[in-house]
Amino acid sequence: VVFKFVDSPHKWQNKCQKSTACAQNLNSISYLCGAMLTRHIIYYKLLTTLRTLYPQSEAAAIAERYCNDVCGFGYFDLTLNPSVEVEELTEVGFEGDLARLAAGEPVQYVIGWTEFCDLRFWVRSGVLIPRPETEELVAMIVGDNRLEEPRILDIGTGSGAIAVSLAHKIKGARVEAMDLSVEALEVAHFNARSHGLNVELF
């Protein structure tokens, strides 16, 4: 199985002000020097595309996460040096990601990972993205555990987020996880291995 994920360093809140003329002309911007992509161009192309699908605040949050995780710059970087070229990204790669986001694909699939219980989990299409609320379930299990070597079974493990997190937090636990999807088991195996944890998958 060949996994192809983007591993790049991403977070903030939309405070940037833009003129109406900027928004109207954004899609007609030509990239200078061939494939040059500046922070300003990337952010506003993301924002104007995502605004057609999501409310302003959600569109900004998605754009900000992409800029942080894929391009390596945050709000203050954008504000202080908007014209800096982003060398981590090519024009072709960015336009491909932009098309996927415009089609409604979750940003986690586009960047290839998400965070859960302070751990990074690789995700891809066909495997559900771990929900932040599920972290409460993990915390409850860890808090209620009174056994030194509990045996835990995660049914419908998906990305393995719950199983891997429990194996990480309860050191003596024997954690098993199952899923009907072979694709999900492959991703769960990758996640367990990437964190150096032993989770039995079937």
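Is Cys 117 buried or exposed? Cys 117 is buried, because its relative accessible area is 9%, where buried means under 20%, exposed over 50% and partly exposed in between (1.4 Å probe, protein chains only). Please keep in mind that this is a predicted model, in which local features need pLDDT of at least 70 and side-chain atom pairs count only at pLDDT 80 or more, while totals for chains, interfaces and linings use all residues. Residues are numbered from 1 along each chain as its sequence is written, and side-chain values use heavy atoms, with hydrogens and water left out.

**The loop between β1 and β2**

- Cys 117 sits in the loop between β1 (113-116) and β2; helices (H or I, at least four residues) and strands (E, at least two) are DSSP runs, numbered from the N terminus.
- Although Cys 117 is not a glycine, its phi is positive, at about 50°.
- Asp 118 is found in this loop between β1 and β2 as well, and it too is a non-glycine residue with a positive phi, near 65°.
- Asp 118 counts as exposed because its relative accessible area is 75%.

**Salt bridges**

- The whole structure holds eight salt bridges, each defined as a side-chain nitrogen of Lys or Arg within 4 Å of a carboxyl oxygen of Asp or Glu.
- One of them joins the side chains of Asp 69 and Arg 65, at 3.2 Å from N to O.
- Asp 69 and Arg 65 both belong to helix α3 (residues 56-71), where they are four residues apart, about one turn of the helix. Both residues are buried.
- An α-helix has 3.6 residues a turn, so residues three or four places apart point the same way.
- Glu 183 and Arg 124 form another salt bridge through their side chains, at 3.5 Å from N to O.
- This pair links distant parts of the chain, 59 residues apart: Glu 183 is in helix α9 (residues 182-194), and Arg 124 is in the loop between β2 (119-122) and α7 (134-144).
- Glu 183 is partly exposed because its relative accessible area is 29%.

- Glu 200 pairs with Arg 174 in a salt bridge whose closest N and O atoms are 3.0 Å apart.
- Here, too, distant parts of the chain are linked: Glu 200 lies in strand β5 and Arg 174 in strand β4 (residues 174-178), 26 residues apart.
- Salt bridges that share partners bring Arg 151, Arg 174, Glu 176 and Glu 200 into one network.
- Glu 200 counts as partly exposed because its relative accessibility is 31%, and Arg 174 is partly exposed because its relative accessible area is 41%.

**Helix α9**

- The buried residues of α9 are Ala 184, Leu 185, Val 187, Ala 188, Phe 190, Asn 191 and Ala 192.
- These buried residues pack against β2, α8 (161-169), β4 and β5, with contact meaning heavy atoms within 4.5 Å.
- At the start of α9, a side-chain oxygen of Ser 181 comes to within 3.3 Å of the backbone nitrogen of Glu 183.
- Just after α9, Gly 196 has a positive phi of about 65°.

**After β5**

- Phe 202 lies in the segment after β5 (199-201).
- Phe 202 counts as partly exposed because its relative accessibility is 45%.

Definitions and conventions
A polar contact is a pair of N or O atoms within 3.5 Å; within protein, one must be able to donate a hydrogen and the other to accept it, and residues adjacent in sequence count only if both atoms are side-chain atoms.
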